[in-house]
Amino acid sequence: MASKRRTSGRNKPRYTRHLSTPAQTAAEYEGLAEEYPEDREELLREAADAWRSAGEPDRALAIYERLLDPESGGCQEPDVVDAWRIDTLWEAGRQEEARTAAASFRSRHPRDATAWSLVAGTFEHVGETATAAEWYTTGVIHALGAGAAVTADVVEDFPDSFGLQELLIGRHRVRRGLGEAHDDWDDVADELHARRASPVLGRVRPLDELHDPLRLKRMAEAGPDALWAEKEELAAAVDEEERAPRGALRTCVLFWPPEEFAQLLERWPTVGDAYGDDHTGHLRQVEHTLRELSDQGATHLAVARATVGGLVAHVEEKGGAPDMPSARSGYAAELARKGEALDWPPARNGPCWCGSARKYKKCCGNPAIG
């Protein structure tokens with residue numbers, strides 16, 4: 001999540017999506033932005049994303065330009081919007097414009113860690129690894145300030161902790177690919193990874209192993225199929241008694257659709273400490289958690305659509321309180337037992353688990369986004 005966060009949507013109305021194609025979805029979001037001006041920025045950004053999925057990057061760029069134009073209303077996160085504009089210019093084949101826009105972005109010296117991570121990720125995605133490494137490094141410096149200490153505790157206390165962690169872990173990844181020697185910041189990335197990883201099966205895979213260039217190449221070429229292959233390989237090395245029975249869902253992660261996410265935070269604001277107050281960031285966090293669990297050898301992963309009503313019903317029956325992590329974990333396990341969860345990862349060309357109507361590889365499964 002960015003330091004200047006998106007609107008949390010805590011008072012957002014329930015939007016009803018009737019259309020399914022990306023182009024229809026984009027048009028609907030644009031219409032909703034007119035109907036609900038208080039959520040204009042979030043809705044227009046969703047519309048731009050849908051236009052990209054529809055293969056119409058120029059229409060997405062037009063929306064980003066609107067958001068960046070003060071006379072058209074402006075936006076709360078101009079650096080993040082500009083970062084997505086730069087990425088879209090690359091996607092549209094307008095590379096020189098993208099480079100010019102990136103240079104302009106950099107000349108402003110923004111402090112938004114998420115925005116720096118997005119632009120660095122764009123250079124990484126197009127194969128300019130050395131440039132990406134430099135952007136990741138510069139992003140950390142600008143976010144924290146020149147000369148600031150870079151430790152795991154400092155990063156975790158930073159207002160945009162997730163964005164700053166993504167900068168350091170992305171930096172580790174590209175430096176590993178370049179064959180650079182491990183440095184102090186790579187040590188910090190290792191520690192952050194270990195802290196936020198869930199040691200399912202008693203083992204946390206180090207970043208050096210996760211970021212092995214051959215492994216990343218295989219993952220990029222095979223997509224989710226490679227995740228499945230790794231899970232099976234790791235599971236074979238685990239003692240039988242430590243494994244869930246074949247076909248069982250061992251671990252289920254909750255995701256909250258936008259309207260449910262808004263209700264959840266409105267009723268129990270402290271839940272934001274676990275989920276954040278930005279729905280886009282929440283979806284990124286869910287995908288990241290699932291990838292981490294898979295990387296650590298967890299099998300039978302699933303993701304379930306959560307509702308406030310379902311959570312309340314669960315705690316009324318089982319006890320606890322909705323703002324307790326144990327209650328939400330129990331709710332996730334219940335959904336998995338009832339068969340109300342989706343196997344993860346979905347097929348690469350299948351629909352994304354988040355319900356966006358986009359292909360998984362173009363949505364939450366896109367490495368450049370996560």
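Biologist: What makes the sulfur of Cys363 too far from the closest cysteine sulfur for a bond?

Modeller: In this predicted model, the sulfur of Cys363 is 3.7 Å from that of Cys354. A search of the whole structure finds zero disulfides. Cys352 is in none either, with the sulfur of Cys364 3.6 Å away.

Biologist: Why is Cys363 called buried?

Modeller: Buried means under 20% relative accessible area, and Cys363 has 8%, so the label applies. Cys352, with 6%, is buried because that value also falls under 20%.

Biologist: Now the rings. Why is the pair of Trp116 and Trp135 called tilted?

Modeller: Their centres are 5.1 Å apart, within the 6.5 Å limit, so they pair. Trp116 belongs to helix α6 and Trp135 to helix α7. The charged end of Arg106 sits over the ring of Trp135, 5.4 Å from its centre.

Biologist: What makes the pair of Phe255 and Trp353 edge-to-face?

Modeller: The planes of Phe255 and Trp353 are at 65°, which is over 60 degrees, so the pair is edge-to-face. The two residues are 98 residues apart in the chain.

Biologist: How do you know that Phe255 and Trp353 count as buried?

Modeller: Phe255 has 6% relative accessibility and Trp353 has 4%. Both values are under 20%, so both residues are buried.

Terms used
Residues numbered from 1 in each chain as written. Predicted model: local features only at pLDDT ≥ 70, side-chain atom pairs only at ≥ 80, totals over all residues. Heavy atoms only, no water. Disulfide = S-S within 2.5 Å. Buried < 20%, exposed > 50% of the residue type's maximum accessible area, 1.4 Å probe, protein only. Phe/Tyr/Trp six-rings, centres within 6.5 Å; stacked < 30°, edge-to-face > 60°. Helix = DSSP H or I, 4+ residues; strand = E, 2+ residues; numbered from the N terminus. Lys NZ or Arg CZ within 6 Å of the ring centre and 35° of its normal.
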